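I opened my notebook to record what I looked up in this structure.

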Amino acid sequence: MPELPEAETIVRGLRRAVVGRTIASARVIRPDVLRQPLATFRRNVKGRRITSVERRGKNVVHVLDDGSVVAVNLGMTGRLLPFPGPPKGSRRPRHAAVIVRFQDGSVLVFDDVRRFGTVEALPGDVWARRSDGMGPEPLDPSLRSPRLHASLATSRTPVRSWLLDQRRIAGVGNIYAAEALYLAGIHPQRPANRVTRAEARGLLRSLRTVLRAAIDHGGTTIRDYRDAEGGSGAYARKLYVYGCEGEPCRRCGTSIRRVVFSNRSAFYCPSCQS
DNA sequence: AGTGTATCCTGCAGGC
DNA sequence: TGCCTGCAGGATACAC
């Protein structure tokens with residue numbers, strides 16, 4: 001999916017398009033993306049005005065005028081595409097799952113080829129509890145490395161798996177986990193509790209460097225990701241290890257390796273990362 | 001309790 | 001051309 005930088009890019013693009021608009025109706029073409037009954041979703045959104053769009057981890061959160069939210073998790077292939085009017089012909093998204101029509105005639109489409117994404121309309125307090133169950137935001141300055149180190153110390157799971165667990169830290173996915181671990185010199189299969197205090201500091205710094213740079217470039221497009229304007233992210237060219245199996249490490253020239261665990265590929269430099 | 005695996009779904013690239 | 005396999009940015013139910 002869209003990881004944190006892609007979700008952030010989407011949120012920034014969406015704000016211009018949807019904040020201040022009032023929802024006239026919602027058409028649900030693929031009810032399986034809803035994590036709640038269809039009737040509940042429609043009742044919760046109808047007639048509500050969007051007051052802001054925020055990001056929490058990889059989630060895009062539309063805040064409505066009654067304090068409730070529409071939370072969208074983009075899964076692997078989800079997109080949020082605004083249109084000035086009903087999209088016609090070749091502009092029509094091919095895998096529209098939910099179509100929201102606003103009172104001014106503009107439209108927001110949640111499009112998702114694989115339908116791993118989810119959409120739900122929730123009372124504010126329910127969302128707040130959900131958010132409380134997620135780990136800290138890596139870019140939040142109030143997160144300091146001693147806290148990260150203490151949290152890593154509670155688990156023997158491979159540090160790449162640890163980073164992907166949204167309950168431990170929010171917004172990190174497979175690409176940026178690979179990139180940050182490379183910059184920090186930590187092997188993706190190292191048990192989390194064997195990351196030293198100094199390495200935890202480096203890892204947090206690396207995460208922030210990578211995530212900020214990716215946001216600056218509008219995210220990473222491998223194949224599916226598109227921003228709210230339908231554009232692709234330019235960060236793909238900057239990747240050090242993700243998807244780079246067999247290519248020379250930029251630091252030492254050693255061939256980048258791929259290893260599969262937890263059903264996901266991990267990419268690393270065998271000499272720079274231990 | 002904590003961890004790894006299988007699964008949801010579709011599309012695409014590469015091998016033969 | 002076409003069929004087959006493997007792979008994909010995520011999250012979670014389940015078995016150990």
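The entries below go from the whole chain to single residues.

**Entry 1: ground rules.** I am working with a predicted model, where local features need pLDDT of at least 70, side-chain atom pairs count only at pLDDT 80 or more, and totals for chains, interfaces and linings use all residues. Residues are numbered from 1 along each chain as its sequence is written, chains are lettered from A and ligands numbered from 1 in the order in which they are written, and side-chain values use heavy atoms, with hydrogens and water left out.

**Entry 2: the whole chain.** I looked up the secondary structure first. Chain A has seven helices and ten strands. These are DSSP runs numbered from the N terminus: helices (H or I) need at least four residues, strands (E) at least two.

Next I checked the overall size. The C-alpha trace of chain A spans about 55 × 40 × 30 Å along its principal axes.

How much of chain A is buried? Buried residues make up 53% of its 274 residues. I use buried for under 20% relative accessible area, exposed for over 50%, and partly exposed for in between (1.4 Å probe, protein chains only).

I also looked at contacts, meaning heavy atoms within 4.5 Å. Of the contacts in chain A with a separation of 6 or more, 64% join residues 24 or more positions apart.

**Entry 3: arginine 56.** I found arginine 56 in strand E2, residues 50-56. Is arginine 56 buried or exposed? It counts as buried, because its relative accessibility is 15%. Its side chain makes a polar contact of 2.9 Å with that of glutamate 137. A polar contact is a pair of N or O atoms within 3.5 Å; within protein, one must be able to donate a hydrogen and the other to accept it, and residues adjacent in sequence count only if both atoms are side-chain atoms. Not counting residues up to four places away in sequence, arginine 56 touches several others, including Trp127, Met134 and Ala170.

**Entry 4: two positive phi angles.** Arginine 115 is not a glycine, yet its phi is positive, about 60°. I located it in the loop between strand E7 (107-112) and strand E8 (118-122). Arginine 115 is partly exposed, at 27% relative accessible area.

Serine 262 also is not a glycine, and has a positive phi of about 50°. Serine 262 sits in the loop between strand E9 (257-261) and strand E10 (264-268). It counts as exposed, because its relative accessibility is 54%.

Entry 5: I placed serine 265 in strand E10.

Arginine 257 lies in strand E9. It is partly exposed, at 46% relative accessibility. Beyond four places in sequence, arginine 257 touches Ala266, Phe267, Tyr268 and Pro270.

**Entry 6: proline 191.** I ended in the loop between helix H6 (174-184) and helix H7 (197-216), where proline 191 lies. Leaving aside neighbours within four places, proline 191 is in contact with Arg156, Thr157 and Pro158. Its C-alpha atom is separated by 8.8 Å from that of tryptophan 162, 29 residues apart along the chain.
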